[in-house]
Amino acid sequence: MEQQEGVWSYSAVLMGSPILLKLFSHDPSLAARTFRLIKRYEDLFTVNRTPSQVMDVNLAAGQHPVVVSRPVFELIACAKAASLVRGGCFNLAIGPLVKRWRIGFRHDNAVPPADELAALLALTDPQKVILDEAAGSVYLALPGMEIDLGAIAKGYIADRVRDFLRREGVTQALINLGGNVHTIGAPQGGWGIGLKKPFSTTDALVGVIDVEDKSVVTSGTYERYFEANGKRYHHILNPATGYPLDNELDSVTVISTDSLDGDIWTTLLYGMGVEQGCQALRNKPDIEAIFITKDRRVVASSTRNVRFTLMDDSYVFTD
Ligand code: ADP
Ligand code: MG
Ligand code: MG
């Protein structure tokens with residue numbers, strides 16, 4: 001715990017990342033209850049260890065449906081819907097490929113053989129994730145299929161933390177789940193959320209995003225990756241090829257009311273790229289994106305709810 005100008009910061013390590021909670025009152029018990037809530041949800045969604053309901057679904061692939069709790073069913077249903085969005089690259093059934101690449105988890109990463117990737121691709125059809133609303137069950141139709149909620153679990157959990165804190169009467173708070181920042185209210189002048197400079201070895205920022213009562217989610221290809229044969233392989237996979245997405249982007253940041261939308265859209269937009277992505281957001285007033293491209297452009301899809309201040313002159317900002 002740390003106190004600075006009336007703001008108390010509490011931290012923990014959960015979901016494999018440092019978690020930070022900023023409150024405007026000294027309330028270690030509230031912080032502890034918040035961290036416990038995060039842990040409970042992590043245990044439902046993780047695919048990295050048992051027991052977890054999503055693991056139960058995966059272990060029963062090709063055998064039988066598994067009845068899951070309501071939050072798990074809802075998140076899977078939402079992930080399946082996102083997987084069917086045209087032009088996006090979200091796929092909840094990407095698990096077998098994620099497990100094979102293991103990017104960001106191991107230190108001896110290597111590019112898997114093409115024939116292995118092709119075989120695993122056949123196990124990633126989102127239509128083969130069968131949901132039974134009445135039974136509340138999920139069935140993976142082929143043996144070897146695996147759901148991976150890694151791209152959206154944090155967003156869902158960030159929203160639940162926001163709801164919990166609001167119910168507790170909190171009117172100003174910042175929740176940082178590592179990649180997912182959620183805010184309640186704002187101190188004077190707004191929350192200044194730093195937008196990291198891709199591949200910077202210091203903590204340099206490209207700019208600052210000022211928001212209130214919004215979620216800010218960043219998906220970057222600069223945090224979890226490895227290099228081989230002079231190429232960079234990062235952790236967002238292209239469900240069409242089985243290889244990491246190869247496009248113009250270094251990162252995508254989405255500003256939205258709900259962090260779950262932020263999570264879904266960062267991944268969708270990664271697949272779409274700047275032009276198609278901005279197009280897709282035209283009739284989504286609640287969702288705004290800031291793209292950082294490899295050629296050092298910072299492009300905002302709109303600036304309705306967002307103020308962005310560029311801090312690094314080697315980038316060019318356009319909206
Ligand atoms: P971060 O790990 O920085 O939060 P993301 O939110 O973009 O990054 O989530 C990346 C994770 O999503 C990967 O580690 C993997 O578990 C999963 N994933 C990778 N590719 C896809 C994809 N095409 N669709 C859905 N999930 C994916
Ligand atoms: Mg994420
Ligand atoms: Mg994401």
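Reply: Let's call two residues in contact, or touching, if their C-beta atoms, placed from the backbone, lie within 7 Å. What you have here is a predicted model, where local features need pLDDT of at least 70 and side-chain atom pairs count only at pLDDT 80 or more, while totals for chains, interfaces and linings use all residues. Residues are numbered from 1 along each chain as its sequence is written, and chains are lettered from A and ligands numbered from 1 in the order in which they are written.

My pick is Thr266. Leaving out residues up to four places away in sequence, Thr266 touches Val217, Ser219, Val252 and Val254. It sits in helix α7 (helices are DSSP runs of H or I, at least four residues; strands are E, at least two; both are numbered from the N terminus). Gly150 is 116 residues away from Thr266 along the chain, yet their C-alpha atoms are separated by 13 Å.

Now follow α7 itself, residues 259–281. The chain's domain assignment (the bounds come from an automatic or database assignment) gives domain 1 as 2–37 + 153–318 and domain 2 as 53–140. Their C-alpha centres lie 24 Å apart, and 22 residues of domain 1 are in contact with 23 residues of domain 2. On the domain 1 side of that contact, β12 (225–228), β13 (231–234) and α7 each supply at least two residues. The largest share is from α7, at nine residues. By type, that side of domain 1 splits into 14 nonpolar, seven polar and one charged (Ala, Val, Leu, Ile, Met, Phe, Trp, Tyr, Cys and Pro are nonpolar; Asp, Glu, Lys and Arg charged; the others, Gly among them, polar).

A core here is a set of buried Ala, Val, Leu, Ile, Met, Phe, Trp, Tyr and Cys residues joined through C-beta atoms within 7 Å. This one has 81 residues, and Ile147, Leu149, Ile152 and Ile209 have the most contacts inside it. Domain 1 and domain 2 both contribute residues, so the core lies between them. Take Leu149: not counting residues up to four places away in sequence, Leu149 touches Phe45, Val54, Leu75, Ala79 and Leu92.

Definitions and conventions. Buried ≥ 20, exposed ≤ 12 C-beta atoms within 10 Å, placed from the backbone.
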